[in-house]
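User: Could you help me learn to read salt bridges and sheets in a model like this one? I would like the general idea, then the case at hand.

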Amino acid sequence: MDVRLIMFRDDGRRHIVPLAPGSSTIGRTTGCTIRVPLPMVSRRHAEIVIENNEILLRDLGAANGTYLNSRRIKEEGVEAGDQIMVGSVVFTVQIDGKPSDAEIVEIRSKSGVRKASGSAQVGTSRHVYVSDEDVDPISALEALASSADQTAIEPEEDD
């Protein structure tokens, strides 16, 4: 099963976060698989578990909650086309190519909520960073990821 979270930058470019089987965490802390250093996001905000061809979204006690299709959830199954909201960041879930890329553009235009994002490879772990700053983190992180020194990929964090 090919599972991806898709979000859009303010300029309309998409950012794809592939999810591996097992558990992936979303939160502000550096240990999370998908790092979102925004004040509205808890240190360990939510968890996505992919197991036995099923996807489960679990809130990890986040003060501002985890939302699936605009409903606050504690734990719920996820399907293709669902939207996950953590803080002000909205991800559309794509499973095995569904919904199609054209359909996801339509979902994005209706939601109107999007933030800048970037990703980087650190050692053998893939981490994704999402930021609402004016800096283009994708370009900055791609430049750092392609350099020999990959220890300084951490963006500044507001606490």
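**Salt bridges and the sheet**

Analyst: Happy to! Glu47, Arg58 and Glu75 are linked in a network of salt bridges. Please keep in mind that this is a predicted model.

User: How many salt bridges are there by this rule?

Analyst: The count comes to 4 salt bridges. Among them, the side chains of Arg58 and Glu47 meet at 2.6 Å, N to O. This pair links distant parts of the chain, with Arg58 in strand S6 (residues 54–59) and Glu47 in strand S5 (residues 46–51), 11 residues apart. Arg58 also forms a salt bridge with Glu75, where the closest N and O atoms are 2.7 Å apart. Here Arg58 in strand S6 is joined to Glu75 in strand S9 (residues 75–77), 17 residues apart.

User: Is Glu47 buried or exposed?

Analyst: Buried means under 20% relative accessible area. Glu47 has 13%, so it counts as buried. Arg58 is partly exposed at 25%, and Glu75 is partly exposed at 46%.

User: And how do I read a sheet?

Analyst: In general, strands of a sheet pair through backbone hydrogen bonds, either parallel or antiparallel. In this model, 6 strands form an open sheet in the order S2-S1-S11-S10-S7-S8, with antiparallel pairing. Its edge strands are S2 (14–19) and S8 (71–73), each pairing on one side only. From one strand to the next, the twist averages 30°.

User: What stands opposite Leu68?

Analyst: That is Arg71 in S8. Strand S7 (residues 66–68) is joined to S8 by 3 bridges. Arg71 also forms a salt bridge with Glu76, the closest N and O atoms being 2.5 Å apart.

Terms used. Residues are numbered from 1 along each chain as its sequence is written. This is a predicted model: local features need pLDDT of at least 70, side-chain atom pairs count only at pLDDT 80 or more; totals for chains, interfaces and linings use all residues. Side-chain values use heavy atoms; hydrogens and water are left out. Two strands pair if DSSP finds at least two bridges between them. Helices (H or I, at least four residues) and strands (E, at least two) are DSSP runs, numbered from the N terminus. Axes are lines fitted to C-alpha atoms, for helices over the stretch in contact, and angles run from 0 to 180 degrees between N-to-C directions. Buried means under 20% relative accessible area, exposed over 50%, partly exposed in between (1.4 Å probe, protein chains only).
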